[in-house]
Amino acid sequence: MVKFYDSSFSYDYPFPAVSLAYFLRYPNPYAKHVLSTDVIDRHFDSTSQRLYTTRLHLKRSKLPPTILKLLPKGILGSSSDSGQSYILEKSIVDVKEGWMTTETRNLEWTGILSVIEKQSYIRPARDNISDGGSTLSEPQNDTTEVKTSTTFVSRFGQGGHRTARRKAEVVSNSKDSLAEGSDDVRPKRGFLSSWSTSSLQRTIEAIGMRRTREALLKSKDGMNVVLGRMRSGGLVEVLEGMRKDREAMYGPEGPWKRTWKQGRGLEDDE
């Protein structure tokens with residue numbers, strides 16, 4: 001089963017600012033669940049004048065309780081309790097032409113629900129009419145249009161269903177060969193199983209779509225925080241805001257020193 005969700009909006013900031021804010025958006029007050037961001041590949045193509053980046057985000061995340069209730073007990077093992085998940089992000093930026101494309105996908109629980117989000121950030125063009133009547137396209141530098149397309153794919157139960165269907169076909173063929181000449185037409189086995197699997201997949205995808213709508217709103221709010229800091233104080237204020245957000249979420253020591261202390265069994269004396 002596959003579901004799609006499309007949305008579009010715009011930022012009241014020029015494209016260079018928005019594209020920079022995209023790479024500086026974590027942490028922010030609306031993304032406290034993001035634990036870390038690592039660049040695993042980045043290169044600039046001098047021929048096309050485009051920047052290619054691949055990043056890995058570690059987020060504090062769990063499957064929604066509404067999905068967990070639908071799944072058989074023990075199917076996830078301990079992964080549902082880990083509280084963390086990885087998101088792979090790929091992006092291409094063309095500053096000269098004024099556009100950026102991004103793609104993010106989850107790396108956890110893909111057998112239950114795969115979420116692939118594609119976004120395009122575009123510097124819009126303003127049409128002006130010259131004296132000769134021809135239409136000229138000039139950059140409109142004060143806004144950036146964003147289009148989002150999200151695909152939800154649930155493959156839950158497909159592997160087991162295919163195996164069961166093959167077994168049912170073998171049994172059905174055997175019975176048919178033994179009962180040649182009979183006019184009785186027996187319904188194929190596995191119909192109800194197929195229906196329930198499809199229904200479960202649709203439910204999982206619908207829950208994922210609802211959560212994505214909420215996440216997109218928070219993502220936009222977080223970007224606006226970063227853009228507001230950039231407008232009022234430039235890159236210095238953005239970095240200072242990131243430091244304060246990180247400190248508010250993890251304390252002055254940060255997440256990794258705390259994890260290191262816990263791993264060594266060290267506790268604060270305070």
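**View 1. Aromatic pairs in the predicted model.** The structure holds 3 aromatic pairs; rings of Phe, Tyr and Trp (its six-membered ring) pair if their centres lie within 6.5 Å, and planes under 30 degrees apart count as stacked, over 60 as edge-to-face and the rest as tilted. One of them joins Phe 9 and Tyr 11 edge-to-face, with 5.4 Å centre to centre and 90° between the planes. Tyr 11 counts as buried because its relative accessibility is 2%, where buried means under 20% relative accessible area, exposed over 50% and partly exposed in between (1.4 Å probe, protein chains only). This is a predicted model, in which local features need pLDDT of at least 70 and side-chain atom pairs count only at pLDDT 80 or more, while totals for chains, interfaces and linings use all residues. Residues are numbered from 1 along each chain as its sequence is written, and side-chain values use heavy atoms, with hydrogens and water left out.

View 2. Now meet Tyr 22, Phe 23 and Tyr 121, which ring pairs link into a cluster. Tyr 22 and Phe 23 pair edge-to-face, at 5.5 Å centre to centre and 90° between the planes, and both are buried. Arg 25 lies over the face of Tyr 22, 4.0 Å from the ring centre. Over the ring of Phe 23 sits the charged end of Arg 42, 5.4 Å from the centre. A charge sits over a ring if NZ of Lys or CZ of Arg is within 6 Å of the ring centre and within 35 degrees of the ring normal.

**View 3. A nonpolar patch on the surface.** Leu 20, Leu 235 and Leu 239 form this patch, with about 260 Å² of accessible area together (Shrake-Rupley method, 1.4 Å probe; for residues, only the protein chains shown count as cover). Leu 239 belongs to helix α4 (residues 191-250); helices (H or I, at least four residues) and strands (E, at least two) are DSSP runs, numbered from the N terminus. With a relative accessible area of 46%, Leu 239 is partly exposed.

**View 4. Strand β9 and its partners.** In strand β9 (residues 144-153), 7 of the 10 residues are buried. Strand β1 (residues 2-11) runs antiparallel to β9, joined by 10 bridges, and Ser 10 has Glu 145 as its bridge partner there. Strand β6 (residues 114-122) is also antiparallel to β9, with 9 bridges; here Ile 116 stands opposite Thr 151. Two strands pair if DSSP finds at least two bridges between them.

Definitions and conventions
Patch = residues over 30% accessible without salt bridge, like charges linked within 9 Å, V, L, I, M, F, W, Y side chains within 5 Å. Salt bridge = Lys/Arg side-chain N within 4 Å of Asp/Glu carboxyl O.
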